[in-house]
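I opened the model today to look up a few things and write them down. The entries follow in the order in which I checked them.

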Amino acid sequence: MNLSFVGYFLLKGLEISAPIAFAALGGVFSERAGVVNIALEGIMGVTSLTLVWGAIAFQSIWMGLIAAVVTGMLMGMVHAVVTVTFKVDHVVSGVAINVFGIGLSRFLCQSMFGAETQSKINPYLFPKLLGINSVAFWLVPVVALCMFALYRTVFGLRLRSVGENPEAADTLGVNVNLLKYVGVVLSGALCGLASATLFADKWITGMVAGRGFIALAAVIFGRWDPLGAVLASLLFGYADTFRIVFESKIPIPSQFVQMFPYVLALVVLAGLAGRSRAPSADGKPFLKGEE
Amino acid sequence: MSDFLLEMRDITKHFPGVTANDRVSIDLRPGEVHALVGENGAGKTTLMKILYGLNRPDAGSIWVRGERISIRGPRDAIRRGIGMVHQHFMLLQPFTVLENIILGEESHTAGVLALAAQRKRIADLMRENRLVVDIDSRVEELSVGVQQRVEILKILFRGATILIFDEPTAVLTPQEVDELFRTLREITRQGKGIIFISHKLDEVLSIADRITVIRQGRVVQTMDRAGATKQRIAELMVGKPVLLEVDRPVVQRGSAVLAVRDLRVRTARNPSAVGGVSFDVHAGEIYGIAGVEGNGQSELVRAIAEGAEVESGEILLEGGNITRWPVRRRRDGGIAHIPEDRQKYGLLLAFSLAQNLALGRHHKPPFSTRLATINFRAIRESAREIIKRFDIRTPSEETPAHALSGGNQQKAVVARELSGGPKLLLASQPTRGVDIGATEFIHRQLMQARSEGKAVLLISADLDELIALSDRIGVMYKGKIIKEFTHDTAVREAVGLAMTGEASDVAV
Amino acid sequence: MSRSKGRFGRFAVLEQAAPFIGFLASVVVLVVIVIVMQESPLKAFAAIFKFTLSTSAKLAAVVSISIPYFLSGLSIAVAFRAGVFNIGNEGQYFVGGLVGAMAGIYLPLPPAIHIPVVVLASMAGGALWALVPAVLKATRGIHEVISTIMFNNIGIALVNYLVNGPLSGMKKGVSLEPQTKKILASAVFGKLNGFFRSIGWNVPNYVYLDYSLVVALVMGVVVWFLLFRTRRGFEIRAVGASIDVSRYAGIRVKRVQVGAFLLSGAIAGLIGLQEIFAIRGFYTYSIASGLGFDGIAISLIGKNSPIGVVFASVLFAFLKQGGYGLQLSTKVPNSVTYAIQGLMILFIVVINEVMIRFVRNLRKKEALR
């Protein structure tokens, strides 16, 4: 085990953890505002498509990034409208958006690229830094920003209050619905950022491969705290990296090795259940006084 | 410039099917405590919600210090110096006292919290009003009385000069009530005005300068403290001479149906929620449990009804040990339970009234056949009979339960629990949130059950109800029964005193 | 007391209206998309009609396609009724199908017995794959959305390994994809086309109206009867409505949820029946995927009731075929139907919620008169 290999492993792990970590940060904001968002997977599926499209169409990967973030925000907006304004059950809405996302991405792909299940190749990629996608490094300032925003700003305090006790926040004049919207749209935007660290060279149906759900497990494991969720994501990401790097050397059939991240997520959740505490009003519709 | 701090003139508010406020007028002078009394559903809370901006009136006007104002939301109310301490605290439990107080009024630089100046202001406020709380402690660590202080600080912090208190003493021990009243007098000494909503007439007479009685959405009378009596107020509240005594036929008490032996219940929040309770309830007897909410009554009932979170001890039904029995077995064995929150625990709101009336016995004949299918016709027939017998107002037995009024929903729950022919009836807050007609009806049903030889365990936050109905009363304090009274010795003052923990020679 | 309102009172119409309104809203969106793509809506509708309803053969194709959709939607409906979000029916049908195929390949039995055995084996396989998430939910309180999704991925990897490895029936040069051995003739699902022809419906031989249709209908009736006529079904619906009230009433909530979860998995195990036993005759993990998620959409559109699922599954099949029609005759790609399906669900869940609150208010006003 030499130093350059360790370095490679650390960097590769960061790159692989990044999509989960950004998505998990999105999940944290949404849930802290009291909205359960299981549509991270579906949103990421669409944003990774628009990332590729935007890059090709405007011949710049940065335009692709903007397209991805905007798409994520729009889809987040849909979830927000359905759950906050129409008060549909959060899990039902999340499931519906996941299904919608699958359909939408196939339709968009066929409209944009002529084929239903994969896009054209995108030659415009993010610059690399130390051999990996440089956007992965954005994780560090972004998580610091998230921690600061959530715990040291007026916005963060109010957001957390809305997820904890929206009735109380409402009586103090806090705009509950607006903050819920912001939390959910922010989670969509972060999904857009997450897809930037996935595979920017081509979109293939199913490429998100459950990372959106692993991100949810990371949110729970990280106790709904931005730093905690990112650390949990790193755990999952590095475990997956371990699998990839050592796959050929492991005497177990490859399919079982592929199961590893999913089994790990289950084991982690099974070990924790009941001990962590979601925001008290997570998943509950907010009904103002007159209703 | 008017003499009055606040005037609400001809306030009218309609909800579907009911007029909550009908041309209500009320005013408040500086330095005054003005009590607003009325039955549940009379319209007091609606009126105050209008004042605080949580509801909008259909007609009428609000005047603060002679100036007409419009209140579109809590922010407007706060800006005008109106503050409300709610009956159910509006606090963020895991947040600190500081955070709870400043939420919505945070001082900041460019969005970043900068709270040093506000800390100082709060410290000053605490000193001025003699309300001391540790500003950095988390609210969930504080006792109920202290949490209320946080609520008061919240509104003082925002410069409230008109303070509304909605049933503030419901969750306090008598000692804490005294402290609260001291605080209220301190506040009025500074020239502020207080509106005090309560249906506890003793407290109202002790603190109020003026009293306004509201009944069915209208103001019945506004009177000065001088010359006001409990009897007079109660009659105005109800609209007819009030029988403060319930008809009590002499009933022969039978053997013990329920025996609780050294029961200990441990919950996640409280390791000694019930810390060693022993008592009996006999056939033909109503045993009341008195105590301020939060002293273990709910946990005790849940342990008897469901076996929830029992750590040790025994529960015996007619001599048989049922401590480990699952809920269904307890019900089949003759235990009926009127839960304290009918909507959360007692009724499937989306299901029909008929199905709700069969719930809990749906697995037995005649509702369930030998082939494990449901006999819906039997359910409907049984429901029709029950609806008639208990006079439940509903368009049909197929009406979904959520469409019924609160009083009829509670009647339905009571009817269901009694129609199974139980041996033991557990009644938790059976008349909470129920109009006077239904309350009287439920009281009669409970007395009827007693006459029929059933054992009734009655938990109620309404001391008058308990004293009127119970043969014996056990007072619960911090998870233990510290004193028992018989019907003859159960006097309001004595029971109230026991509720504070006095009379205990057990180390608490 | 006035006449019984029951299921057929005037409010019932409003309560059931959401799927129809949602469907109409989606049609509007489809028309808009068609126009944006510079096609005539009339031409689009004609193309859809031609491909789905114009001949009895086409109609039969729609019915045939709706069979796996129906089973998928049914499996989800059962779970949703109990408040269980079983998103794992995807994994459950891959595993269930394999177990059923094993029974079909390695158990020599006379046809009359073999086919029911194969059906039961598929159900057992599906239920088995739902077992761990169900137990994790009951004992550790782990939310089933995450655990079942994880199990989907694990299941597909497992099946992949088994079919490539110990259960492989590949013949060099003949088989085009990883597959098991052939299913014994006694277990192959026969076609019912002859029967339909005899009653006047001209179904050509390339359309599969086979025994799986019977299985689907039987399961539909069984589930309907279970949910609305039995005590267990009543308890399932009660638990789905309120866990607190159910517990209070003595219902064993965990038992009911686990039972519904396993039943859901069992029905999900049947989703692949048609493709494995009628169409292909062997098992491969490249059987149609995505049917699990479609089932979720179908159940939501069908308001989680067996009858609603019938309509919703036929609708989905209709849309799928219609999409091909669109693609063949117009510039509109067939994947537009996927987008429309997704949109339809969103419309329907929103309108449903609005309707429920609206009707609640109406009922309240009426009860107070």
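**Chain A: fold and packing**

I began with contacts in chain A between residues at least 6 apart in sequence, and 78% of them join residues at least 24 apart. Two residues are in contact if their C-beta atoms, placed from the backbone, lie within 7 Å.

I note that this is a predicted model, in which local features need pLDDT of at least 70 and side-chain atom pairs count only at pLDDT 80 or more, while totals for chains, interfaces and linings use all residues. Residues are numbered from 1 along each chain as its sequence is written, and chains are lettered from A and ligands numbered from 1 in the order in which they are written.

I found 11 helices and 2 strands in chain A; helices (H or I, at least four residues) and strands (E, at least two) are DSSP runs, numbered from the N terminus. Read from the N terminus, the elements of chain A are α-α-α-α-β-β-α-α-α-α-α-α-α. The radius of gyration of chain A is 19 Å, close to the 19 Å from the globule rule for 291 residues, so chain A is as compact as a globular protein of that length. That radius is taken over C-alpha atoms, and the rule is 2.2 Å times the number of residues to the power 0.38.

Along the principal axes, the C-alpha atoms of chain A fill a box of roughly 60 × 45 × 35 Å. I read 58% of the 291 residues in chain A as buried (20 or more other C-beta atoms within 10 Å of the residue's own; exposed is 12 or fewer, partly exposed is in between, with C-beta atoms placed from the backbone).

**Chain A against chain C**

I then looked at the contact between chains A and C, where 38 residues of chain A meet 36 residues of chain C. On the chain A side, helix 3 (61-85), helix 4 (90-113), helix 9 (211-221) and helix 11 (254-272) each supply at least two residues. Helix 4 of chain A gives the largest share, 14 residues. By class, this side of chain A has 27 nonpolar, 8 polar and 3 charged residues. Here Ala, Val, Leu, Ile, Met, Phe, Trp, Tyr, Cys and Pro count as nonpolar, Asp, Glu, Lys and Arg as charged, and the others, Gly among them, as polar.

**Chain C against chain B**

I checked chain C next: 28 of its residues are in contact with 33 residues of chain B. Helix 10 (231-241), helix 11 (243-248) and helix 16 (336-367) of chain C are the elements that give two or more residues to that side. The largest share, 7 residues, comes from helix 16 of chain C. The side of chain C that touches chain B has 9 nonpolar, 7 polar and 12 charged residues.

**A sheet in chain B**

I traced an open sheet of 4 strands in chain B, in the order 14-13-16-17, with antiparallel pairing (two strands pair if DSSP finds at least two bridges between them). Strand 14 (274-282) and strand 17 (320-321) of chain B are at the edges with a single partner strand each, so one side of each has no neighbour in the sheet.

I counted 6 bridges between strand 13 (residues 256-265) and strand 16 (residues 310-317) of chain B, and 7 between strand 13 and strand 14 of chain B. B:Ala259 stands opposite B:Leu316 in strand 16 of chain B and opposite B:Asp280 in strand 14 of chain B. B:Arg261 stands opposite B:Glu314 in strand 16 of chain B.
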